[in-house]
Amino acid sequence: MNETMVCVVGNVATQPVYRESLTGPTARFRLAVTARYLDREKNAWTDGHTNFFTVWTRRTLATNVAASVAVGDPLVVQGRLKVRTEQRDGQGWLSADLDAAAIGHDLSRGTSAFRRSARPDVQTGAPPQPEPSWETEPETEAAGRPQEAGQTESAPQPQLEPAGAT
């Protein structure tokens, strides 16, 4: 299926509206995207036309947007563009919606502190496996190799890797 994927950079224009429903959480907000251009006559940057998009989010993205996004925040939004036309009170209305796949703060205009959200506990039946120790060799390799003179059993063996030519 062909979809129009876009990436827009703009500022949050409205406070995100968060809703819980039977199908899962959703959130929406308006994003203002203003074109800027260099006016050569004035030798200054000038604001152009402002486009407004309604950004729709679902599931975990919606929950994270509600906790992280505020009015005025500069954002980068990537998602599917949906343009709708409708009739209201005899007038034609055109609206542009973004079904967001990813949203992040625009770090070219400020800083952000990332916090990983907690995952819900999922019972898979298998106990969690410990992280492998990358500092020591597995016992099966060390046991099968002869020990060199002067080395103790716990000392790591240096490994030579082939050098690649670029």
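## The model and its basis

This is a predicted model, in which local features need pLDDT of at least 70 and side-chain atom pairs count only at pLDDT 80 or more, while totals for chains, interfaces and linings use all residues. Residues are numbered from 1 along each chain as its sequence is written, and side-chain values use heavy atoms, with hydrogens and water left out.

## Overall build

The protein chain has 2 helices and 6 strands, where helices (H or I, at least four residues) and strands (E, at least two) are DSSP runs numbered from the N terminus. Followed along the sequence, these elements give the pattern β-β-β-β-α-β-β-α.

Of the 166 residues of the protein chain, 19% count as buried; here buried means under 20% relative accessible area, exposed means over 50%, and partly exposed means in between, with a 1.4 Å probe and protein chains only. The chain exposes about 13700 Å², and carbon and sulfur atoms supply 52% of that area, as computed by the Shrake-Rupley method with a 1.4 Å probe, where for residues only the protein chains shown count as cover. When contacts (heavy atoms within 4.5 Å) are taken between residues at least 6 apart in sequence, 54% of them join residues at least 24 apart.

## How strand β1 pairs

Two strands pair if DSSP finds at least two bridges between them. Strand β1 (residues 5–12) is joined by 7 bridges to strand β5 (residues 74–88), and these two strands run antiparallel. Within this pairing, V6 stands opposite G79 in β5.

Strand β1 is also joined to strand β3 (residues 26–39), in this case by 2 bridges, and again the strands run antiparallel. Here the bridge partner of V12 is L31 in β3.

## Salt bridges between strands

Side chains of opposite charge can pair when their charged atoms come close. The structure holds 8 salt bridges, each defined as a side-chain nitrogen of Lys or Arg within 4 Å of a carboxyl oxygen of Asp or Glu. One of them joins the side chains of R58 and D99, at 2.8 Å from N to O. Because R58 lies in strand β4 (residues 44–58) and D99 in strand β6 (residues 91–105), this pair ties together parts that are 41 residues apart in sequence. R58 counts as partly exposed, at 43% relative accessibility, whereas D99 is buried, with a relative accessible area of 15%.

D99 also meets R80 in a salt bridge, at 3.6 Å from N to O. This pair links distant parts of the chain, with R80 in strand β5 and D99 in strand β6, 19 residues apart. R80 is partly exposed, with a relative accessible area of 27%. A further salt bridge brings together the side chains of R84 and D97, at 3.0 Å from N to O, and it too links distant parts of the chain, since R84 lies in strand β5 and D97 in strand β6, 13 residues apart. R84 is partly exposed at 39%, while D97 counts as buried at 8% relative accessibility. Salt bridges that share partners join E3, R58, R80 and D99 into one network.

N43, the residue of the opening question, has a positive phi of about 55° although it is not a glycine. At 63% relative accessibility, N43 counts as exposed.

D89 lies in the loop between β5 and β6, and its phi is near 50°, a positive value in a residue other than glycine. D89 counts as exposed, at 83% relative accessibility.

## The largest pocket

The largest pocket has a volume of about 560 Å³. On a 1 Å grid over the protein atoms alone, a pocket is an open set of points, where a 1.4 Å probe fits, with protein on both sides within 12 Å along at least five of seven lines, and lining residues have an atom within 4 Å of a point. Grid points are joined across faces, edges and corners, and the volume is the space filled by probe spheres set on the points.

The lining of this pocket holds 19 residues, of which N64, S68, I103, F114 and R115 lie nearest its centre. Helix α1 (59–68) and strand β6 each supply at least two residues of the lining, and α1 gives the most, with 6 residues.
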